[in-house]
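Q: Here is a set of questions about how the labels put on a structure follow from its values. Each answer sets a value against a cut-off and draws the conclusion.

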Amino acid sequence: MKGITTLLFDIDGTILDTREFIFQATEHALANLKYTVPERSFMGKFVGIPFLEYYKKVIGSSKDTDAEKLIEIHQEFQRSNLHLAKLFSNTSETLRKLKKRGYRLGAVTSRSRITSKQTLIDAGIADLFETVISAED
C-alpha cells in the first residue's frame with residue numbers, strides 16, 4: 001500500500017459484530033411502541049442507512065413522529081447494552097499489526113459518538129484509533 005498513510009474502518013459490521021446490538025435494540029424499540037417486530041432478515045436490509053430512514057422503512061411509514069421516538073428508545077437500549085457489540089476474531093491483532101507498521105487508523109460510523117467510542121473501549125482497541133468519526137460529526 002505504497003503512499004497510503006491512513007486507514008479508515010467502519011465500526012459496525014467491520015470491526016465489531018453488532019448484529020445483536022442493532023437487532024435487539026430495534027426489537028425492543030418496536031415492541032415498546034406496540035409495533036409488530038419483523039424478521040431480522042427484513043430489518044437487516046436497512047441496517048447502515050440513516051436512523052430516521054431505517055425506522056421509516058422498518059415500520060413502513062413515511063411519518064417522522066414514531067420513527068423519532070423509536071430512535072430514542074433504540075439509543076437508550078444500546079447505551080444500557082454495550083456488551084452486545086463484540087469484536088470480530090483476529091481484528092485486534094490485525095489492527096495492532098497495521099499500527100505497528102506505521103499506519104494511522106481511524107474509525108467511522110453512522111452510530112452515535114457515545115456508544116461507538118464506548119464499544120471500542122470495551123473491545124480494548126480504542127487506543128489504536130487517532131480519530132472516531134460518528135453521526136454527530
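A: To begin with charge, Lys and Arg count as positive and Asp and Glu as negative, while His and the chain ends are not counted. On that count the chain, which is a predicted model, has 20 positive and 18 negative side chains. The centres of the two sets lie 6 Å apart.

Q: What makes up the fold, in helices and strands?
A: The chain has 6 helices and 5 strands. Read from the N terminus, their order is β-β-α-α-α-α-β-α-β-α-β. Along the principal axes, the C-alpha atoms fill a box of roughly 50 × 25 × 25 Å. Of the 137 residues, 38% count as buried. The accessible surface comes to about 8,100 Å², with 51% of that belonging to carbon and sulfur atoms.

Q: Among contacts between residues at least 6 apart in sequence, how many join residues at least 24 apart?
A: The share is 68%. A contact here is a pair of heavy atoms within 4.5 Å.

Q: Why is the pair Asp-12 and Arg-111 called a salt bridge?
A: The cut-off is a side-chain nitrogen of Lys or Arg within 4 Å of a carboxyl oxygen of Asp or Glu. The closest N and O atoms of Asp-12 and Arg-111 are 2.8 Å apart, so the pair qualifies. Asp-12 lies in the loop between β1 (6-10) and β2 (16-17), and Arg-111 in the loop between β4 (104-108) and α6 (113-122), so the bridge ties together parts that are 99 residues apart in sequence. The structure holds 9 salt bridges.

Q: Are Asp-12 and Arg-111 buried or exposed?
A: Buried means under 20% relative accessible area. Asp-12 has 18% and therefore counts as buried. Arg-111 has 8%, so Arg-111 is buried as well.

Q: What makes Glu-72 and Lys-69 a salt bridge?
A: Their closest N and O atoms are 3.3 Å apart, and the limit is 4 Å. The two residues are 3 apart in helix α4 (residues 64-80), so about one helical turn separates them. Glu-72, at 45% relative accessibility, counts as partly exposed. Lys-69, at 36%, is also partly exposed.

Q: How do you know that the bridge between Arg-104 and Glu-130 ties together separate parts of the chain?
A: The two side chains meet at 2.7 Å, N to O. Arg-104 lies in strand β4 and Glu-130 in the loop between α6 and β5, so the pair ties together parts that are 26 residues apart in sequence. Arg-104 has 45% relative accessibility and counts as partly exposed. Glu-130 has 45% too, and counts as partly exposed.

Q: Which residues make the nonpolar surface patch of about 240 Å²?
A: Leu-8, Val-108 and Ile-133 make the patch. A residue needs over 30% relative accessible area to belong to a patch. Ile-133 has 35%, so Ile-133 is above that limit and counts as partly exposed. Ile-133 is placed in strand β5 (residues 131-133).

Q: Which residues of helix α3 are buried?
A: In helix α3 (residues 51-59) the buried residues are Tyr-54, Tyr-55, Lys-56, Val-58 and Ile-59. Just after α3, Gly-60 takes a positive phi of about 70 degrees.

Q: What makes the phi of Lys-34 worth noting?
A: Most residues other than glycine have a negative phi. Lys-34 is not a glycine, yet has a positive phi of about 65 degrees. Lys-34 lies in the loop between α1 (19-32) and α2 (40-44). The cut-off for exposed is over 50% relative accessible area, and Lys-34 has 73%, so Lys-34 is exposed.

Q: Why is Asn-90 called exposed?
A: Asn-90 has 52% relative accessibility and therefore counts as exposed, the cut-off being over 50%. Asn-90 sits in the loop between β3 (86-87) and α5 (91-100). The phi of Asn-90 is near 70 degrees, a positive value in a residue other than glycine. Asn-90 and Ile-15 are 75 residues apart in sequence, and their C-alpha atoms are 9.7 Å apart in space.

Methods
Residues numbered from 1 in each chain as written. Predicted model: local features only at pLDDT ≥ 70, side-chain atom pairs only at ≥ 80, totals over all residues. Heavy atoms only, no water. Helix = DSSP H or I, 4+ residues; strand = E, 2+ residues; numbered from the N terminus. Buried < 20%, exposed > 50% of the residue type's maximum accessible area, 1.4 Å probe, protein only. Areas by Shrake-Rupley, 256 points an atom, 1.4 Å probe, with all protein chains shown as cover. Charge placed at Lys NZ, Arg CZ, Asp CG, Glu CD. Patch = residues over 30% accessible without salt bridge, like charges linked within 9 Å, V, L, I, M, F, W, Y side chains within 5 Å.
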